[in-house]
Amino acid sequence: MTKKKVLVTGGAGFIGGNFVQYMVEKYPNYDIYNLDLLTYAGDLTKHGVIEEEENYYFIKADIGDRESMMELFQKENFDFVIHFAAESHVDRSITDPEIFVRTNVQGTQVLLDAAKEFGITKFVHVSTDEVYGELDFDPNTFFTEETPLQPNSPYSASKASSDFLVRAYHETYELPVNITRCSNNYGPYHFPEKLIPLTISRVLNDQTVPVYGDGKNIRDWLHVYDHCAAIDLVMHEGLSGEVYNVGGHNEKTNLEVVKTIIETLGKSEELIEFVTDRLGHDKRYAIDPTKLEKLGWEPTYTFETGIAQTIQWYLDNKEWWERIISGEYQNYFEVYYKEILN
Ligand code: NAD
Ligand code: TYD
């Protein structure tokens with residue numbers, strides 16, 4: 001296999017972090033560059049195992065910093081750009097949308113310009129099924145790659161805007177690109193502001209779990225390891241210009257998810273606290289992954305096997321998430337949940 005240079009943006013975050021580890025281990029002959037600004041969501045301690053590897057490099061930088069990105073792309077001549085870096089939390093986008101436009105839209109555009117200027121083999125833009133908006137509760141309806149984009153939150157609107165830019169750079173400048181739109185990920189190193197790690201960490205600390213509204217909203221859960229394998233396939237085999245949906249037919253209501261975690265940890269359902277609903281809360285997401293399956297991907301985790309693995313990981317890695325939920329996170333939690341949680 002020929003040596004390749006792969007730039008992974010957002011490789012100190014949850015999914016990008018898992019992807020960096022997957023790539024460093026799977027492709028010893030590829031050089032993997034992890035570029036990350038280390039915002040509140042970025043954490044390098046997760047890379048303790050790989051940081052000594054010869055094919056791993058870390059660059060602290062802002063994807064929105066045009067001069068630095070141009071210099072970097074000129075110097076390194078990357079073959080692949082796998083773009084994860086983003087502001088990713090819907091609730092934060094509702095209280096502070098501006099940074100979402102700056103990072104997710106403008107940051108993506110800077111990277112596209114750098115890729116266009118200095119040439120690449122493939123730019124993979126990691127997007128989300130949330131750009132399609134919401135589905136109703138009819139279990140026979142799914143998002144396909146043809147579903148029109150109708151984002152409802154500032155987060156999903158910023159991701160949809162970046163998707164359109166990626167598409168436009170392909171159509172206008174023939175930049176080789178793929179867009180992947182995945183469902184809700186879960187697994188090791190998930191930042192505890194999101195439902196699953198929030199629930200696990202709070203239940204383990206005998207704290208109440210805030211469930212928005214009636215808890216009947218549905219998400220389609222994708223284990224992060226299955227997502228990493230999907231991106232690996234798309235970067236190497238995806239047809240340029242195409243969009244691929246990634247999801248595993250693992251639909252659960254939020255209440256089902258929370259109850260499964262509570263039961264697995266042997267705690268009481270009295271920990272569930274129904275709180276004021278999220279503004280504009282999307283009812284249901286569900287992916288039709290047929291196109292990606294035809295390319296050769298299939299998920300290896302069901303929700304049941306994946307959640308068991310994830311809960312065990314949080315039990316085995318308490319020091320990681322305890323450190324994450326100290327400091328800045330405490331402040332966020334207190335401010336954000338102040339009004340809605342007892
Ligand atoms: P995350 O919030 O855990 O990590 C984001 C990373 O990006 C962090 O390490 C952060 O430091 C970095 N970052 C933020 N701003 C930056 C900037 N200006 N320059 C460089 N780095 C910056 O996010 P995640 O959950 O790992 O999501 C990764 C990608 O996958 C995002 O693009 C997100 O939209 C998409 N996605 C996530 C999910 C999910 O369930 N988590 C689902 C669908 C799509
Ligand atoms: P989240 O993990 O924030 O992902 P997303 O909003 O991208 O789907 O939320 C998953 C679901 O869980 C979503 O329907 C909102 C709900 N939720 C709660 O009920 N309570 C919480 O404290 C959080 C963070 C989310």
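This is a predicted model: local features need pLDDT of at least 70, side-chain atom pairs count only at pLDDT 80 or more; totals for chains, interfaces and linings use all residues.
Residues are numbered from 1 along each chain as its sequence is written, and side-chain values use heavy atoms, with hydrogens and water left out.

## Salt bridges

A salt bridge is taken here as a side-chain nitrogen of Lys or Arg within 4 Å of a carboxyl oxygen of Asp or Glu, and by this rule the count comes to 18 salt bridges. Three of them are set out below.

| Pair | Closest N to O distance |
|---|---|
| Lys 75 and Glu 76 | 3.3 Å |

Because Asp 91 lies in helix H3 (residues 90-95) and Arg 278 in the loop between strand E12 (272-275) and helix H9 (290-295), the pair ties together parts that are 187 residues apart in sequence. Helices and strands are DSSP runs numbered from the N terminus, a helix being H or I with at least four residues and a strand being E with at least two. Both Asp 91 and Arg 278 are buried, where buried means under 20% relative accessible area, exposed means over 50%, and partly exposed lies in between, with a 1.4 Å probe and protein chains only. Arg 278 has a relative accessible area of 17%, which is why Arg 278 counts as buried. The side chains of Arg 278 and Asp 91 are also joined by a polar contact of 2.7 Å; a polar contact is a pair of N or O atoms within 3.5 Å, and within protein one atom must be able to donate a hydrogen and the other to accept it, with residues adjacent in sequence counted only if both atoms are side-chain atoms.

With a relative accessible area of 47%, Glu 304 is partly exposed.

Lys 75 and Glu 76 belong, together with Lys 5, to a network of salt bridges. Lys 75 counts as exposed because its relative accessibility is 64%, whereas Glu 76, at 12% relative accessibility, counts as buried.

## Charges without a salt bridge

Lys 122, placed in strand E5 (residues 122-128), is buried yet has no salt bridge, and the nearest side chain of opposite charge, that of Glu 237, is 8.5 Å away. For such assignments Lys and Arg count as positive and Asp and Glu as negative, while His and the chain ends are not counted. A polar atom of the Lys 122 side chain does lie 3.0 Å from the backbone oxygen of Gly 238.

On the surface, Glu 25, Glu 51, Glu 52, Glu 53 and Glu 54 gather in a patch of negative charge. Patches are made of residues with over 30% relative accessible area and no salt bridge, like charges being joined within 9 Å and nonpolar side chains (Val, Leu, Ile, Met, Phe, Trp, Tyr) within 5 Å. Glu 54 lies in the loop between strand E2 (30-36) and strand E3 (56-60), and its relative accessibility is 73%, so Glu 54 counts as exposed.

## Helix H6 and the backbone

Helix H6 (residues 195-204) is mostly covered, since 9 of its 10 residues are buried; among the buried residues are Ile 196, Leu 198, Ile 200, Arg 202 and Leu 204. Just after H6, Asp 206 takes a positive phi of about 55°, although Asp 206 is not a glycine. Most residues other than glycine have a negative phi. Asp 206 lies in the loop between H6 and strand E8 (209-212) and is exposed, with a relative accessible area of 54%.

Leu 38, which is not a glycine, also has a positive phi of about 55°. Leu 38 is found in the loop between E2 and E3 and is partly exposed, with a relative accessible area of 30%.

Conventions: Chains are lettered from A and ligands numbered from 1 in the order in which they are written. Accessible areas come from the Shrake-Rupley method with a 1.4 Å probe; for residues, only the protein chains shown count as cover. The place of a charge is taken as NZ of Lys, CZ of Arg, CG of Asp or CD of Glu.
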